[in-house]
Each structure stands twice: as C-alpha cells, then as structure tokens.
Amino acid sequence: MRRTGSWLWLVLLALVLLAALPLAVSGYILGVLTLAYYFGVFSMAWDLLFGFAGEVNFGPTFLIGLGAYAAGLLNTAGWPIPLCILAGALAAVLGGVLLALPALRLRGPYFGLITLVAVLLLQQAIVIFAGVTGGEIGLTIPDVISVDAGVNYWIALGFMAISGFLLFGLARSPVGLILQASGQDAVEAAALGFNVTKHKLAAFCISALFSGLAGALLVFYLGTASVGTVVDIAVGVQVIIAAVLGGRRTIVGAAIGAIFLIIAAEALRPLGQLSTLVVSAVALLAILFLPDGVVGYLLHRGRTP
Amino acid sequence: MSNTPWLDVQGLSKRFGGLVAVKELALSIHPGEILGLIGPNGSGKSTAMKLIMGIERPNAGAIRLGGVDVAGWPAHRIARQGVGIVFQHSRPLHRQTMLENIMLALLPDSLWRLRADRALIARAHAIGERVGLGAVLHRYPNTLPFADLRRLEMAKAIARDPKLVLVDEPFAGLTAAEVGTFSRLIDGFRAEGRAVLLVDHNVKSVAALVDRVLAMYLGERIAEGSAEAVMRDPVVRRVYIGGAIETQVRTADAAHPAAPLLQVEDVTVFYAKAQALQQVSLEVREGEFVSVVGLNGAGKTTLFNAISGLLAYEGRVLWRERPLAGRSAAAIARGGIVQCPESRELFGALSVRENLDLGGQHQPPGESRDRLAWLLDLFPILKTRATQAAATLSGGEQQMLAIARALMMNPQLLILDEPTLGLAPVILEQLSKALHLLRETTSISVLLGEQNVTFALPHADRVYVLEHARIVWQGAPARFAVEAGAGYL
C-alpha cells in the first residue's frame with residue numbers, strides 16, 4: 001500500500017509540473033502535448049480491456065472514430081459542443097455494445113479479429129457516405145473549443161488526469177479485481193459466481209466511453225475529423241503499441257507510453273519518412289526486452305528480489 | 001444428516017463427439033455427507049464434476065440442488081445456487097496478495113461495488129486464518145509453496161458459504177502432514193452440514209474421510225457403498241488392480257559395465273535465490289535403466305531440464321564423454337537425449353498420428369515408418385485413436401502418446417519425467433509393460449524420474465534418491481527398501 005502512496009505523489013507532482021508548462025514553453029510544444037494527452041486516454045482505455053479484461057481489442061479506433069465522427073457530424077448539424085461531446089461518447093458506447101455482445105461469445109483470437117473487421121467497416125462507411133462525412137478528405141468542424149493553445153492544453157491535461165484517476169481507481173477497486181479474475185481464468189471466475197460476460201461487457205462499455213469522449217474532444221481541438229487521424233488501423237496500432245510499451249495492467253503506463261510515442265514522432269520529424277521507422281524500431285526493442293512495459297518493469301523490479 | 005439429499009443427480013449424460021464421457025449417471029449427497037467419486041483416468045468422474053458445476057453442459061439428465069433443476073445453467077448461476085469448487089490446479093491472481101485473492105471470492109457479482117468495506121476484509125482475514133494462511137495473507141502467491149496455494153483455493157471455495165463443495169483430487173501433490181491438515185478442513189465441512197463431493201483416482205486416498213463411495217468406469221457407475229465394500233467389489237478390483245506388477249531382475253552381464261553414456265558432474269541450479277539442485281552427480285551407462293526417485297519439488301524436473309539444455313547450470317554434463325554445455329536444447333535432442341516432459345507438451349489440436357509424425361521429422365522416411373509401426377504395436381490404443389485430436393485423449397492415452405512421440409525421435413537416452421502423474425493403476429500397468437518391453441527388446445537407455453517408487457523400481461538397474469535438491473542415496477533397487485525406503489516419505 002505504501003508503494004501505491006509514493007507513486008501517487010510522484011504522479012501528482014508530475015501533473016503540477018505539466019500544468020505549469022504553458023507558462024514556459026511555446027504554443028507549438030503545447031500543441032504536440034495536447035495531442036499526446038488525448039492519445040494517452042485512448043491507450044489507458046485500451047489497457048482496461050487488454051490488461052484487465054484480458055481481451056485484445058485490435059480496433060480501438062472503431063470506438064474513437066465513432067465518438068469523433070458522431071460529435072463532428074452533430075456539430076455540423078448545429079448542435080452545441082457539450083451536447084456533441086456527450087453524444088459522441090454515447091455513440092461509442094452504443095457501437096461498442098453492439099460489437100461486443102456477439103464478439104464476447106467467441107474465444108481466443110476471434111474477438112480480436114472481429115474488432116479489427118469493425119474498424120475496416122467503419123472506415124468503408126465513412127468513405128462510401130462521403131457526402132455526409134467528408135470521405136477521405138475529412139470532415140471540417142464548424143466550432144472549436146478554444147483557439148488558445150494554453151486553454152486547449154489544460155483541457156486535454158485535465159481530461160487525461162481525470163480519466164486516468166477514474167480508470168486507475170476502477171482497476172484497483174473490487175470491480176477491477178473481478179475483471180482481472182475474469183480475464184485470467186473465466187472458468188474459475190464463473191465458479192465463484194461471477195457473470196464473466198457481464199463484467200467484460202461493462203469493461204468494454206467503459207473503455208468505449210473514454211475512447212469516445214477523447215475522440216470527440218480531439219475533433220473539437222483539431223477542427224477536423226478524418227480517417228487518417230481517428231479511424232485508420234495505423235492509429236489503432238499506435239494506441240496499442242503505446243499501452244504495451246508503457247506497461248500492461250498499469251493504466252498509468254499506457255498514458256506515459258502514448259505521450260512518449262507522440263513526442264518521439266514529433267521530435268524525429270526532421271528525419272522525414274525515417275522518423276516512423278525509428279519510433280517503431282524503438283517500440284519493437286522495448287517490447288522485446290521489456291515485455292511488461294517500462295512502468296511494469298519498474299513495478300516488477302520493486303517486488304521480486 | 002437429513003433425509004432429503006441436497007444434491008440429486010438423475011440420468012446425467014454427456015457426449016464429446018462420438019465419445020460418451022458420462023452415461024446415465026445417478027448420484028445424491030445429503031447435507032453433512034461426504035461422497036467420494038472415484039474412477040481411473042478417462043472414467044468420466046471429472047466430467048461429472050464439471051457438469052454439476054456447470055462448466056460443461058449435459059446432453060441429458062437432471063441436476064437438482066435443493067429441489068431446483070440446474071442442469072444446463074451457466075456456472076456463475078449454479079455457483080450462486082450454493083455450489084463451490086476447489087480446483088486441482090490453483091490459478092491465483094499474481095499481482096494481488098493472498099488476502100485480496102480471498103476477498104475476490106467474497107465480492108458480490110455487482111458492477112457497482114467500488115470499495116471493499118471493513119466487514120468484508122475482516123471476513124477474508126477470518127477465512128484465511130481458518131485454512132492456515134494467517135501468516136502469509138499479505139504475500140504474493142508466486143512467493144508461496146504449492147500447499148499454500150491449495151489452501152487459497154480451499155479458502156475461495158468456502159468464502160461463498162456453499163451448501164455443496166466439489167473438491168478435485170484433494171490431496172494431489174501434498175505431503176503426509178499437509179494431507180492431515182486438508183483432511184481436517186474437509187471434515188470441518190461435514191460438521192457444518194455441507195454436502196461434499198471428493199473426486200479422486202482411488203478409494204485409498206479418500207477412504208478415511210468419506211461416508212460413501214461411488215466408483216465410475218467408462219462413464220458409468222460400477223459400484224457404490226462404503227469405502228470397504230467398494231474396495232472389496234470384484235468389478236472395482238478388476239478395473240483397478242488388473243495383474244500384479246512384478247519386479248524384474250535384469251539377466252544381463254553385470255560384471256562388465258557398458259561405456260558411460262551420460263555423466264552429470266556436480267550440477268547446481270538456482271532459481272533466483274532458491275537452490276533447486278545442489279552438486280548433483282549421476283551416471284547412465286549404455287543400455288542402462290536408471291531411476292531417480294524423489295517427492296514433488298525434490299528437483300527431478302530441474303535435473304532433467306538441465307540435462308536437456310533447457311536451463312542454465314553450474315557443473316558439467318557429459319554426453320559420450322563430451323561436454324554438452326553451449327549446445328541448444330534442439331541440438332541436444334537431435335543428438336540422442338530425448339525428454340518426455342512431465343507436462344507432456346503434446347500438440348493438442350493435432351491428431352495422434354500428426355503428433356507422432358512430428359516426432360519422426362528428423363528420421364529418414366523408411367525408418368520413421370518402421371518406428372511408427374513398432375510404436376503402434378507397443379501402444380495399440382494409439383492405433384485406434386490415430387485420427388483423434390491429442391487434446392481429446394484421456395490422461396493415460398496422452399502419456400502413451402507423449403512417450404511414443406519421444407521414441408519416434410530415435411533416442412539413445414530417453415528421459416521420462418513422472419510418467420505416472422495423475423494416472424490410474426490400470427494405466428500404470430500398461431505403461432509398466434511397455435517399459436519392460438523397451439528394456440528387454442531395445443538398446444535405448446532410460447532415465448526415469450518418479451515419485452511413485454513401486455513404479456520406478458521394478459525396471460531399474462540402478463536407483464538414485466533425490467531429496468531437497470541433493471542425491472541422498474544410490475544403489476541397486478533390491479537394496480532400496482532396506483536402506484532408503486523408510487526415510488523416503
């Protein structure tokens with residue numbers, strides 16, 4: 001328990017320092033970090049499913065994209081921003097339930113395959129209904145939350161912090177314990193009287209809620225929604241790599257991994273095409289040599305002599 | 001004991017494809033009664049237990065719990081109806097402490113329980129104390145011995161206050177002292193008026209505890225009654241005992257020892273801080289059959305894995321007088337040292353035939369065909385199972401397949417790690433015959449690791465006793481009983 005306490009203080013200290021950042025750095029850096037924080041939420045929401053419920057969701061962007069496009073489309077229809085964000089989150093949860101209900105019946109890799117197919121379906125739907133969605137060019141959103149880089153930064157940081165505390169708290173709660181048991185050994189969890197499907201479905205909904213919220217907030221920051229930024233498989237892969245890199249089953253690690261990936265990609269931008277290659281190679285090495293992720297490794301080292 | 005049974009099973013049947021696992025089974029248990037459900041491997045006893053728990057769905061029949069028919073219900077609803085199960089293999093949450101693992105079992109199946117209250121923590125403590133985990137409640141499962149993990153399983157089962165407790169192989173892998181503790185715990189269930197079902201291989205291990213025994217064979221009930229009556233039952237005796245296992249003294253020339261094949265010299269292995277092997281030395285000569293006997297945890301598997309190149313060690317292992325250090329596990333296996341591991345490691349989704357063919361990959365086609373024919377003669381059951389997926393075989397058949405696959409690799413030294421683990425006597429006898437044939441008709445040397453001394457001794461030319469990571473005795477099997485037998489258990 002004392003370990004958790006000291007970690008908590010460390011995280012709080014880091015948050016205070018990050019919150020003070022707009023006083024010291026340029027708008028460009030704030031912009032990069034704002035994007036990174038939304039990615040942090042994507043990865044944390046994904047870790048709840050993979051790390052705790054034991055289900056590999058290869059389509060985090062199905063949930064993110066639903067939230068982003070639902071919010072964006074309703075905004076073009078004239079809805080105010082807060083309602084659009086709520087509707088985006090709701091759309092992600094609804095889509096998530098429709099997907100998970102049949103998919104959770106399947107065992108092993110089939111759940112993952114279904115989530116992967118769902119992303120392709122969403123992507124195709126967006127392209128086919130280009131008249132409404134903007135297709136491959138993307139959807140331009142009439143409103144933005146703010147034009148001030150600092151305000152956008154604080155919103156993203158605050159959102160990530162709140163999401164992180166909620167998801168972390170949930171993972172550490174009795175419900176999180178049941179979820180872990182369901183993920184690790186569904187037979188034993190059922191024999192203890194737990195409805196495994198119910199708990200996994202709930203986890204999927206919560207993951208969808210945070211993914212959808214983050215997706216909706218992101219489009220109101222960027223001012224556009226496009227397949228390349230919120231739906232493409234490559235975006236989903238980045239979310240997954242971030243979570244694995246940071247540390248499975250840690251929640252916090254997923255956010256750290258996402259921030260690292262976005263910053264690294266930006267820092268290496270002068271390398272052009274090579275930057276993606278370098279970032280991917282670093283991620284690959286980290287996963288090969290630290291399969292528990294960076295945060296997982298630090299925690300693990302502390303426990304076993 | 002009341003007059004109406006709490007569990008009442010009628011006409012229960014379960015088929016897996018063409019295999020009838022349970023056929024028209026009827027059984028009942030009263031509150032405060034312990035029923036032993038026994039049968040050799042593949043008899044359907046484990047399936048029967050899974051059907052009652054709802055882990056498998058029956059094809060036909062009724063399972064009444066206090067009058068409610070729960071046949072076909074999902075496991076979590078049957079659990080809430082008052083059924084708890086103690087699994088044979090414990091699978092705790094490793095990032096949680098023992099206490100948190102017990103708390104898990106106490107939680108309601110709710111999505112809104114976000115804090116564990118004091119009462120729940122106190123109850124988890126009390127249950128932990130009751131099963132003897134009081135001193136280790138704040139430790140993590142992977143730092144604790146096997147017996148404590150079994151206690152944890154027991155704690156989780158009783159946390160739900162079940163009216164019916166199913167216990168799968170209550171004493172497997174436990175020492176005599178631990179068996180006493182677990183017997184008292186199970187006896188406590190009876191005193192509290194719970195109905196208990198003990199599932200085990202044989203009557204002997206549960207005889208002292210049970211009120212009644214039901215023996216199964218090939219999915220059907222073959223006998224029921226008191227432990228003594230079932231033990232005397234002629235059908236049960238035939239199923240279990242078959243022919244007696246005899247000791248065989250090799251007629252070969254003992255005065256001229258063959259060349260050494262494998263020499264293990266002062267091998268030491270550490271797992272983190274724990275010493276798993278301490279300066280172990282042994283030798284296997286050409287054509288010899290050597291047994292290493294020792295209890296679970298003595299270090300047998302570690303020794304074999306060191307020889308097979310699966311883990312790092314200090315000391316030397318020589319194969320035909322050349323050191324093996326630095327060679328990969330695959331190279332060592334191709335070189336003639338083939339291990340048939342305790343966990344069998346079959347390819348479950350592949351058929352029996354495919355598993356065997358994989359073992360013969362490195363042999364010339366003609367030779368591999370001959371070996372296959374010879375092995376199907378040695379284990380005829382594999383012939384009838386040739387197209388079946390390995391995972392669907394019974395435990396005994398899987399063990400035979402694992403040995404046959406190892407033999408397909410044309411070993412000069414076959415390492416058999418605990419081949420009898422979890423197998424019924426009738427299967428042991430078949431295995432024993434196969435080993436006898438192997439010793440008499442081939443030049444293959446065998447290094448056998450066993451807990452079961454009566455199985456390990458008859459074929460052995462020499463015996464080593466491994467205890468707490470060290471070799472404590474070695475000699476001829478005939479001298480074992482006098483010199484080492486008393487201290488073995």
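Which residues of α5(A) are exposed on the other side of the helix? Before we get to that, a word on what you are looking at. This is a predicted model, in which local features need pLDDT of at least 70, side-chain atom pairs count only at pLDDT 80 or more, and totals for chains, interfaces and linings use all residues. Residues are numbered from 1 along each chain as its sequence is written, while chains are lettered from A and ligands numbered from 1 in the order in which they are written.

Let us begin with chain A. Chain A has 15 helices and two strands; helices (H or I, at least four residues) and strands (E, at least two) are DSSP runs, numbered from the N terminus. The radius of gyration of chain A is 19 Å, close to the 19 Å that the globule rule gives for 305 residues, so chain A is as compact as a globular protein of that length. Here the radius is taken over C-alpha atoms, and the rule is 2.2 Å times the number of residues to the power 0.38. Along the principal axes, the C-alpha trace of chain A spans about 50 × 45 × 35 Å.

Of the 305 residues in chain A, 50% are buried. A residue counts as buried if 20 or more other C-beta atoms lie within 10 Å of its own, exposed if 12 or fewer, and partly exposed in between, with C-beta atoms placed from the backbone. Among the contacts in chain A with a separation of 6 or more, 76% join residues 24 or more positions apart. Two residues are in contact if their C-beta atoms, placed from the backbone, lie within 7 Å.

Now find helix α5 of chain A, residues 109–128. At 1.5 Å a residue, its 20 residues should span 28 Å, and the end C-alpha atoms are 29 Å apart, which agrees. The expected span is 1.5 Å times one less than the number of residues. The buried residues of α5(A) are Phe111(A), Thr115(A), Ala118(A), Val119(A), Leu122(A) and Ile126(A). These residues cover an arc of only 95° around the axis, which puts them on the same side of α5(A); the arc is that of the directions from the helix axis to the C-beta atoms. An α-helix has 3.6 residues a turn, so residues three or four places apart point the same way. Covering the buried residues of α5(A) are elements that include α3 (60–76), α4 (81–103), α6 (130–133), α11 (227–230) and α12 (233–246) of chain A. And the opening question? On the other side of α5(A), the exposed residues are Pro109(A), Tyr110(A), Leu121(A), Gln124(A) and Ile128(A).

One more stop in chain A is Ile251(A), in the loop between α12 and α13 (252–267). Most residues other than glycine have a negative phi. Ile251(A), though not a glycine, has a positive phi of about 60°. Ile251(A) is buried, with 29 other C-beta atoms within 10 Å.

Next comes chain B, whose secondary structure comes to 19 helices and 20 strands. With 489 residues, a compact globule would have a radius of gyration near 23 Å, and chain B agrees with 24 Å. Its C-alpha atoms fill a box of roughly 70 × 45 × 45 Å along the principal axes. Buried residues make up 43% of chain B. The domain assignment, which is automatic or from a database, gives chain B a domain 1 (7–241) and a domain 2 (260–488). The centres of these two domains, taken over C-alpha atoms, are 32 Å apart.

In strand β12 (residues 274–285) of chain B sits Gln279(B), another residue other than glycine with a positive phi, near 45°. Gln279(B) is partly exposed, with 13 other C-beta atoms within 10 Å.

Finally, look at where the chains meet. The contact takes 20 residues from chain A and 27 residues from chain B. On the side of chain A that touches chain B, α8 (174–184) and α9 (186–191) each supply at least two residues, and the largest share, seven residues, comes from α8(A). That side divides into 12 nonpolar, five polar and three charged residues. Ala, Val, Leu, Ile, Met, Phe, Trp, Tyr, Cys and Pro count as nonpolar, Asp, Glu, Lys and Arg as charged, and the others, Gly among them, as polar.

Met53(B), in helix α1 (residues 45–53) of chain B, is in contact with residues that include Ala191(A), Ala75(B) and Leu166(B), leaving aside neighbours within four places in sequence. Met53(B) is buried, with 24 other C-beta atoms within 10 Å.
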